Every structure is written in C-alpha cells, then in structure tokens.
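Have the sequence and the 3D view open side by side.

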Amino acid sequence: MSGPQCCQNPPTLSSSSGVGTVEDFGGLKTYITGSLDSKRGILLVSDVFGYEAPKLRKLADKVAAAGFYVVVPDFFHADPYNAENSERPLPVWIKTHGPDKGSDDAKPVVAALESKGISAVGIAGFCWGAKVVAQLAKTDNIKAAVMLHPSFVTVDDIREVMAPIAVLGAEIDQFSPPELLKQFEEVLSAKPDVDSVVKFFPGVAHGWTVRYNEEDEAAVKSAEEAHQDLIDWFTKHVK
C-alpha cells in the first residue's frame, strides 16, 4: 500500500464538483446525489484521496441517475492523503486513517440511510475503501458489495463475506495482483449461497476506475465498463 502505484495520477480535489450537495450525514460531511424516492441507497467509499475527487463524484452521479440515492462520506475528516506533503508519507498518514476506523464510521452512515426510509443498501469501495466494504459485507444488512482495485483485503476477509459481491481488479496491481484475486475467486466459488463475480480488466493499473486519464481512450472505456458493472450489480441485488 505504501508503494507509488497506490497514488499515481492523483485527482485535483474540488469541493464543488458534481451535481449533488454536501451535507452532514451519519456524523460525516457527505456528498449526496439522487432521490430518496428510490428507497435504494448506495454508499461509495473513496480511495485515500477522499470524497472531493471529481471522477468519484461523477461516478456517484452516474449511479444516482440509474435510480439510487448515493452517499459519498468524508471518512478522512477533511484530511485526505496529500502526495505532495513529504512530512506525511502514506505509511504515516494511514496511522490516523486506517480502514478499521473507516468501517466504524460507516456504520452510522448505513443507519442514517435506513432512518431516511432507504430499504436496501449497497456499498462499493475503491482501493482503501474496499477494506471498509469487506468489513460491512460480513453483515446481513448490506444487500450487495463491490470492490474496485482493493487494498488491504485478505482471503480471510473474503471467507467471511455474506453479501453478494463483485470484485473488479486490474491486471497491473501490486496490492491486489491477479494471483490474489484468483484466490478470492476460489473462496467465493466454494460459497454457493453468496452470489459473486471476480473480473479482471486487462491493461489497466490499480486505481483506474476513478483515476483514469481522460485523454486515454482505452482507459476511459475500461473505467466506464467497470462503472457499468457496478451499476448492474447493484441493480440486480439492491432491491
């Protein structure tokens, strides 16, 4: 996780990006997009760069347009990872922003969704956020889970997953290499009661779904394919 691949092509954060609004939600500042009328809620958990990443918010808006109420909380409390801060390299920053804390902070967000009349909740996580997904997917109150280029997720985590889960991985990924994802696939295939899919995207690297180069046509196409897979998984299971 401390290698350069995790942090390549960092986003230019923007507090005003997206068509949604920022509100206090479940104890956290949260980007919110979509209508409560859908009764279907999606929690998106960012990578280390946080909830102001424009491509993440753009994806949130896309998921909302598919018929979901989408929340993207600030799990880092206005302190996302900054690759330019040499005094706080990732191994130092992560000590105060571990995924375990993120998992604890996510539970009130899920509760807040339910308190607003959301009857079914799905969760997706990117890189750092996938570990939060792993923790919450071990409970039966999450209808579906998606991990995108996960970090920190172990085979033991996958063994405990109860929610239908899709794992979308990159061919070039030092944190979740194809060999590890194949182990995930083997574990999940032995759990016939849990609907699952593990999919590899060729020619892309860790972080590609939210940090793709917009001028790279192949990268954009691959990211959009992953976005559609995410939407299709939630459409199938979050109801």
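Strand 5 (residues 120-126) and strand 6 (residues 144-148) run parallel to each other and pair over 5 bridges; pairing here takes at least two DSSP bridges between two strands. Strands and helices are DSSP runs numbered from the N terminus, with at least two residues (E) for a strand and at least four (H or I) for a helix. Within this pair, A124 sits opposite V146 of strand 6.

A word on the ground rules: this is a predicted model, so local features need pLDDT of at least 70 and side-chain atom pairs count only at pLDDT 80 or more, while totals for chains, interfaces and linings use all residues. Numbering starts from 1 along each chain as its sequence is written, and side-chain values use heavy atoms, with hydrogens and water left out.

Zooming out, the sheet is open and has 8 strands in the order 1-2-4-3-5-6-7-8, with mixed pairing. Strand 1 (21-25) and strand 8 (196-205) are at the edges with a single partner strand each, so one side of each has no neighbour in the sheet. From one strand to the next, the twist averages 25 degrees.

Now for what packs on that sheet. Helix 3 (residues 99-115) touches strand 1, strand 2 (28-33), strand 3 (40-45), strand 4 (69-73) and strand 5, and its direction makes about 155 degrees with that of strand 4. Helix 4 (residues 128-136) lies across strand 3, strand 5 and strand 6, at about 145 degrees to strand 5. Contact means heavy atoms within 4.5 Å; axes are lines fitted to C-alpha atoms (for helices, over the stretch in contact), and angles run from 0 to 180 degrees between N-to-C directions.

| Helix pair | Axes come within | Crossing angle |
|---|---|---|
| Helix 3 and helix 4 | 9 Å | roughly 60 degrees |
| Helix 1 (residues 54-65) and helix 7 (residues 217-237) | 10 Å | roughly 45 degrees |

Helix 3 is therefore oblique to helix 4, and helix 1 is likewise oblique to helix 7. On this scale, angles under 35 degrees are roughly parallel, over 145 roughly antiparallel, 65 to 115 roughly perpendicular, and the rest oblique.

Helix 3 passes helix 4 in a right-handed crossing, and the crossing of helix 1 and helix 7 is right-handed too. Right-handed means that the near helix is turned clockwise from the far one by less than a right angle, left-handed that it is turned anticlockwise.

On the helix 3 side, P99, D100, G102, S103, A106, K107 and V110 meet W128, K131, V132, Q135 and L136 of helix 4. For the other pair, L59, K62 and V63 in helix 1 meet E224, H227, L230 and I231 in helix 7.

Beyond its neighbours within four places in sequence, R40 contacts residues including F68, Y69, I118 and T235.
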